[in-house]
Amino acid sequence: MTAPAPNSSCTALQAAGLKNVYLPGNDIYENRTHSYFSVSAQLEPCCIIQPTSAEEVAQIVTVLSQDTTLNFAIRGGGHAVWPGAANIENGVTIDLGLMNKTKFVPETKVAQIGAGSRWREVYGALEPYGVTVPGGRTSTVGVAGFLLGGGNTFYAGRRGFGCDNVVNYQVVLANGQIVNANDTENPDLFRALKGGSANFGIVTRFDMQAFDAPKLWGGLVTYPKSVTAQHVAAYVNWTNNIVNYQDGSAITFWSYDPTNKDIIITAAYEDTTGAVAAPAFDEFLAIPDQTSNTMRIDTHRNLTVELELTSGYRNVWYAITVKNDLQIVAKAIDMHRQFVEDWKAQSPDGDFICHGILQAIPTIFSQHSVEKGGNVLGLDRETDNAVMFQVQLMVNGEEQEKLGRERMVAFREAIKQYSIDMNGGVEWQFLNYADFTQDPLSTYGQKNIDHIREVATKFDPTGVFQTRMPGGFKISRVV
């Protein structure tokens with residue numbers, strides 16, 4: 001009796017001598033499936049394969065693209081929240097989780113980071129050397145998806161986006177060739193990978209420029225929602241002042257959760273120099289009625305552990321960008337409040353989480369990007385400071401996820417239209433937080449869209465990563 005056709009690809013991988021091929025029912029298969037951050041992403045591939053080197057990734061890609069017809073997905077850290085972004089039904093998931101080592105090269109201060117790493121592992125490996133890299137602000141976020149989508153960091157005010165600090169990518173191409181992409185070798189691919197996502201090949205190692213780093217001053221401060229107006233005003237002022245104080249970071253959350261049964265405000269303040277309560281934070285720190293405060297001197301790693309999000313839910317996220325305008329930002333937060341009230345009224349169990357989050361996107365971020373050679377995000381087109389407004393909805397059950405997406409799309413379109421009506425619309429969408437109902441690559445500007453398309457065609461002429469690896473945001477789908 002022959003094996004079912006869908007599993008022939010898995011059999012082909014085993015026949016090629018590849019190890020770590022796991023089928024449904026195997027403990028490792030089940031553990032890896034359930035280790036995705038979002039339940040929405042916990043799909044059931046025909047098999048999971050865990051390579052341990054770029055050479056094995058090259059062999060896997062060659063076998064799958066040339067000897068089989070089954071589609072495949074690539075998993076880095078497994079933090080992408082929507083179904084199919086980093087996993088696949090009835091296909092093969094290439095899970096890079098065993099490629100999770102970080103090697104520091106003292107002579108060049110370069111951190112060579114395996115593509116299956118999560119940021120907590122990276123920061124922990126670099127701490128003994130007194131250095132760090134500008135990476136994720138939540139410890140379990142994966143390195144690969146974060147950097148390929150741009151990557152916002154505590155250090156963005158001083159050093160640009162995470163991708164701007166990559167000095168070399170090791171990439172497996174569709175034909176199985178392993179190449180480097182940097183300033184001098186494949187520089188067109190190097191630029192395209194800085195925000196262009198999984199359109200060109202599989203990145204197996206990221207070499208990042210590390211730097212000497214003291215411990216940070218940071219933590220979380222919580223407040224009642226009654227001080228919303230003060231927080232919104234402080235955030236708009238903070239965003240405009242980043243150009244004058246580039247070593248700070250502030251992220252403000254308006255969060256509903258089933259424990260509090262109400263919205264509370266959580267502010268994550270960080271100073272990357274370790275300065276305690278620098279004057280740039282004065283307006284925030286003057287806001288009254290703090291209900292908790294963990295501000296302290298601590299490591300980069302520990303501060304990202306503290307910013308961990310709750311797993312075990314189905315997730316629907318979106319992010320849009322608006323001009324840094326008090327009225328628009330206040331409207332966004334008020335619309336989040338109304339969304340929570342409406343969702344609470346229909347929720348069958350009351351067990352949901354909904355964050356409305358402000359993140360500064362001042363022009364100084366993209367100025368640093370340009371100084372470091374540029375990326376394809378297209379933010380350098382913006383001449384006004386902006387704020388990214390992100391909403392995260394976490395629910396139980398497929399029906400609540402389906403309804404949640406319908407309402408979240410309507411919410412997103414409403415606040416986007418309001419920003420346009422108020423002369424404060426910004427085209428750019430952040431790929432790292434985008435839902436599959438969005439099209440972030442299309443917001444990068446025509447020059448960058450053309451560059452991504454040309455590079456994808458050059459390095460993947462048969463379109464393997466457009467058609468055989470359907471997950472994520474594809475340049476071939478951009479009109």
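The questions below concern confidence, a pair of helices and a loop residue.

Visitor: What is the mean pLDDT of the protein chain?
Guide: This is a predicted model, and over residues 1-6 the pLDDT is below 50, a stretch that has 2 contacts in the model beyond near neighbours in sequence. Where pLDDT is low, the predicted coordinates should not be read in detail. Across the protein chain, 99% of the residues reach a pLDDT of 70 or more, and the mean is 97.

Visitor: Are helices H11 and H13 roughly parallel or antiparallel to each other?
Guide: Helix H11, residues 326-346, packs with helix H13, residues 398-421, their axes lying 11 Å apart at an angle of about 160 degrees. Angles over 145 degrees count as roughly antiparallel, and therefore the relation of H11 to H13 is roughly antiparallel.

Visitor: Which side chain does a polar contact of 3.0 Å join to that of asparagine 385?
Guide: Asparagine 385 is placed in the loop between helix H12 (363-371) and strand S19 (386-395). Leaving aside residues up to four places away in sequence, asparagine 385 touches Thr239, Asn240, Lys323, Asn324, Ile361, Pro362 and Thr363. The side chain joined to that of asparagine 385 by the polar contact of 3.0 Å belongs to asparagine 240.

Key:
Residues are numbered from 1 along each chain as its sequence is written. This is a predicted model: local features need pLDDT of at least 70, side-chain atom pairs count only at pLDDT 80 or more; totals for chains, interfaces and linings use all residues. Side-chain values use heavy atoms; hydrogens and water are left out. Axes are lines fitted to C-alpha atoms, for helices over the stretch in contact, and angles run from 0 to 180 degrees between N-to-C directions. Helices (H or I, at least four residues) and strands (E, at least two) are DSSP runs, numbered from the N terminus. Angles under 35 degrees count as roughly parallel, over 145 as roughly antiparallel, 65 to 115 as roughly perpendicular and the rest as oblique. pLDDT is the predictor's confidence in each residue, from 0 to 100. Contact means heavy atoms within 4.5 Å. A polar contact is a pair of N or O atoms within 3.5 Å; within protein, one must be able to donate a hydrogen and the other to accept it, and residues adjacent in sequence count only if both atoms are side-chain atoms.
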